[in-house]
Amino acid sequence: MMNTKELVFTALMAAIICILGLVPPVPLPIMPVPIVLQNIGIFLAGIMLGRKLGTLSVVVFLLLAAVGLPVLSGGRGGIGVFAGPSAGFLFLYPVVAFFIGWIRDKYLHKVNFITLLVATIIIGVLGLDILGTIIMGFIINIPISKSIVLSLTFMPGDIVKAIIASLIGATLLNHSRFKQLIK
């Protein structure tokens, strides 16, 4: 059973992810999946809320998209997005939040920027980008090798997003007032 504070944190993070969807996507001429800012919200969900609430906030966000609310970047929404080229990324979002959150939970008493950054790059950049583009490749019928090469397109920007999310996370999680708030 969730208490009121956990419910508020979960809803707030889902709202932050939705708000990041207001930033227009950057279309790419080489593939049907654009560059979006929302995955920084996915990283932050795991970093700020941990594996349980972070994952739940991402699931709430995805449910809002599934029922048709235009919460995905570019004002997209509806069940059809879960069958399109972005489907792999969307289905991986809760997995990414869970594993980044798991690392955060494990090291919460001594959380730092480097720990968060390494976890976010391995799980949120390498894992999400490679697996997401491989699934995209299956959907649009391109070879796995080409999908992996295409995943490199996302990585520079996603590394910047991982740095930003890790800086925010390390700063807030080590701030005495925020520590009191999340207890």
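**Helix packing and local features of the predicted model**

Residue K146 lies in helix α5, which covers residues 144-151; helices (H or I, at least four residues) and strands (E, at least two) are DSSP runs, numbered from the N terminus. The structure is a predicted model, in which local features need pLDDT of at least 70 and side-chain atom pairs count only at pLDDT 80 or more, while totals for chains, interfaces and linings use all residues. Residues are numbered from 1 along each chain as its sequence is written, and side-chain values use heavy atoms, with hydrogens and water left out.

K146 counts as partly exposed because its relative accessibility is 46%; buried means under 20% relative accessible area, exposed over 50%, and partly exposed in between (1.4 Å probe, protein chains only). The C-alpha atom of K146 is separated by 11 Å from that of M136, ten residues apart along the chain.

Two packed helices are described by the angle between their axes and the distance between the axes. Axes are lines fitted to C-alpha atoms, for helices over the stretch in contact, and angles run from 0 to 180 degrees between N-to-C directions. For α4 and α5, the axes come within 8 Å and cross at roughly 135°. The two helices α4 and α5 are therefore oblique to each other; angles under 35 degrees count as roughly parallel, over 145 as roughly antiparallel, 65 to 115 as roughly perpendicular and the rest as oblique. The crossing of α4 past α5 is right-handed, a crossing being left-handed if the near helix is turned anticlockwise from the far one by less than a right angle, and right-handed if clockwise. Contact (heavy atoms within 4.5 Å) is made by residues including I130, M136 and F138 of α4 and I144, I148 and L150 of α5. By class, the contact of α4 with α5 has seven nonpolar, four polar and one charged residues; Ala, Val, Leu, Ile, Met, Phe, Trp, Tyr, Cys and Pro count as nonpolar, Asp, Glu, Lys and Arg as charged, and the others, Gly among them, as polar.

In the loop between α4 (113-140) and α5 lies N141. This residue, N141, is exposed, with a relative accessible area of 68%. Most residues other than glycine have a negative phi. The phi of N141, by contrast, is positive, near 65°.

Helix α2 (residues 38-66) packs against helix α6 (residues 155-173) at an angle of about 30°, with axes 9 Å apart. Helices α2 and α6 are therefore roughly parallel to each other, and α2 passes α6 in a right-handed crossing. Among the residues in this contact are F43, L44 and I47 of α2 and I164, A165 and I168 of α6. Eleven nonpolar, three polar and two charged residues make up the contact of α2 with α6. The axes of α2 and helix α3 (residues 87-106) come within 7 Å and cross at roughly 140°; α2 and α3 are therefore oblique to each other. The crossing of α2 past α3 is left-handed, and the residues of this contact divide into 18 nonpolar, six polar and three charged.

The loop between α2 and α3 contains S86, a buried residue with a relative accessible area of 9%. S86 and M136 are 50 residues apart in sequence, but their C-alpha atoms are 6.5 Å apart in space. Apart from its neighbours within four places in sequence, S86 is in contact with V33, R76 and V81.
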